[in-house]
Amino acid sequence: MSRVYNFSAGPAVLPEEVLREAADEMMDYRGCGMSVMEMSHRSKVYDTIIKEAEADLREIMNIPDNYKVLFLQGGASQQFAAIPMNLMKNRKAGYIVTGQWAKKAFQEAKIYGEAIELASSADETFSYIPDCSDLDIPEDLDYVYICENNTIYGTKYKTLPNTKGHILVSDVSSCFLSEPVDVSKYGIIYGGVQKNIGPAGVVIVIIREDLISEDVLPGTPTMLKYKTQADADSLYNTPPCYGIYICGKVFKWIKKMGGLEVMKQRNEEKAKILYDFLDQSKLFKGTVRKEDRSLMNVPFVTGDADLDAKFVAEAKAAGLENLKGHRTVGGMRASIYNAMPKEGVEALVAFMKKFEEENV
């Protein structure tokens, strides 16, 4: 069977050449006689793999020297607890709630201190990003938290919030490496890799060094202290070795393609093809306010649940996989991450046109 176009929100499509390379190296990684899956994380060979992955990520994102890069486990969701545990010195943090994941992070923070909802777009099913240019931010907040791209609802911050001098913490799981980013604007920028970078099981945390200290909340597990992980260069315990190896290959692929400027151009071009069709379609419509649309996740509906289900089933039969929307939204969602080729989006739009002709 030939490969399908996989529009899954995560775990998601990976670059084919990365998968081929990994397949070629599966039994014997560069003459060492074993697979990366089998090698010790303390070995010289693996040490080179993880150090090279970090160096390439630093180069791609232009990460300043005063930031640590950590390859951790537990996914982005574990960071919902780690962040307040490490940063909530005054036991007070502000959250901007623009979707399911920001909401979950907000709820988790309440366990550790006073979490304040600074703004929310829940009133319109998270279909927009609230104006964050002049929020009422209490002076004693430890940090301001956002989820920068909302996988489920298809929204994206185009301008970062004005935090009025407070530390900005951002979950970028579903827009990681999709466009250039100024890391220096964040205290912590982090994300699970299973959407745009690698297989599930790795979360990358990029943290400013002055935020790493022994001064954490009482009861913080050793494994969840950023200092533990930073001091050990992500090797305090056995890391998700194979996942990091694949991430490293994706970093090299991004470099080879021309870096984050090129990724952004490619992603804008792909998204435009789909959004332009949605904007003139008689059957399908997008669910997000235009100025807040994500380049990565595009939710859309017909307005008829039965027709939506029919579309998803027929699309699957046509080799267009994983288009069913998240259960909280319904309808459809096309996730068009870095590794989704333009041809995949063109095939989707061609199928949507045909479906529209047959069902209007």
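Reader: Where is Phe126 found?
Author: Phe126 is in the loop between strand 4 and strand 5. Strands here are DSSP runs of E, at least two residues; helices are runs of H or I, at least four residues; both are numbered from the N terminus. This is a predicted model: local features need pLDDT of at least 70, side-chain atom pairs count only at pLDDT 80 or more, and totals for chains, interfaces and linings use all residues. Residues are numbered from 1 along each chain as its sequence is written, and side-chain values use heavy atoms, with hydrogens and water left out.

Reader: What is phi of Phe126 near?
Author: Near 55°, a positive value in a residue other than glycine. Most residues other than glycine have a negative phi.

Reader: Is Phe126 buried or exposed?
Author: Phe126 counts as buried because its relative accessibility is 8%. Buried means under 20% relative accessible area, exposed over 50%, and partly exposed in between (1.4 Å probe, protein chains only).

Reader: And Arg91, what is its phi near?
Author: Phi of Arg91 is near 60°, also positive in a non-glycine residue. Arg91 sits in the loop between helix 3 (75-87) and strand 3 (92-97). At 41% relative accessibility, Arg91 counts as partly exposed.

Reader: Which peptide bond is cis?
Author: The one from Gly10 to Pro11, with omega near -10°. Pro11 lies in the loop between strand 1 (5-6) and helix 1.

Reader: Switching to the core. Which residues touch the most other members of the largest nonpolar core?
Author: Met61, Phe71, Ile96, Leu177, Ile204, Ile206 and Phe251, out of 59 residues in that core. A nonpolar core is a set of buried Ala, Val, Leu, Ile, Met, Phe, Trp, Tyr and Cys residues joined through side-chain atoms within 4.5 Å.

Reader: Which helix gives the most to this core?
Author: Helix 6, with ten residues. A second, separate core has 35 residues, including Ile83, Met88, Ile188 and Leu224.

Reader: What is Ile96 in contact with?
Author: Leaving aside neighbours within four places in sequence, its contacts include Leu118, Val144, Ile146 and Tyr157. Contact means heavy atoms within 4.5 Å.

Reader: Zoom out. How many helices and strands are there?
Author: Nine helices and 14 strands in the chain. The radius of gyration is 21 Å, close to the 21 Å the globule rule gives for 360 residues, so the chain is as compact as a globular protein of that length. That radius is taken over C-alpha atoms, and the rule is 2.2 Å times the number of residues to the power 0.38.
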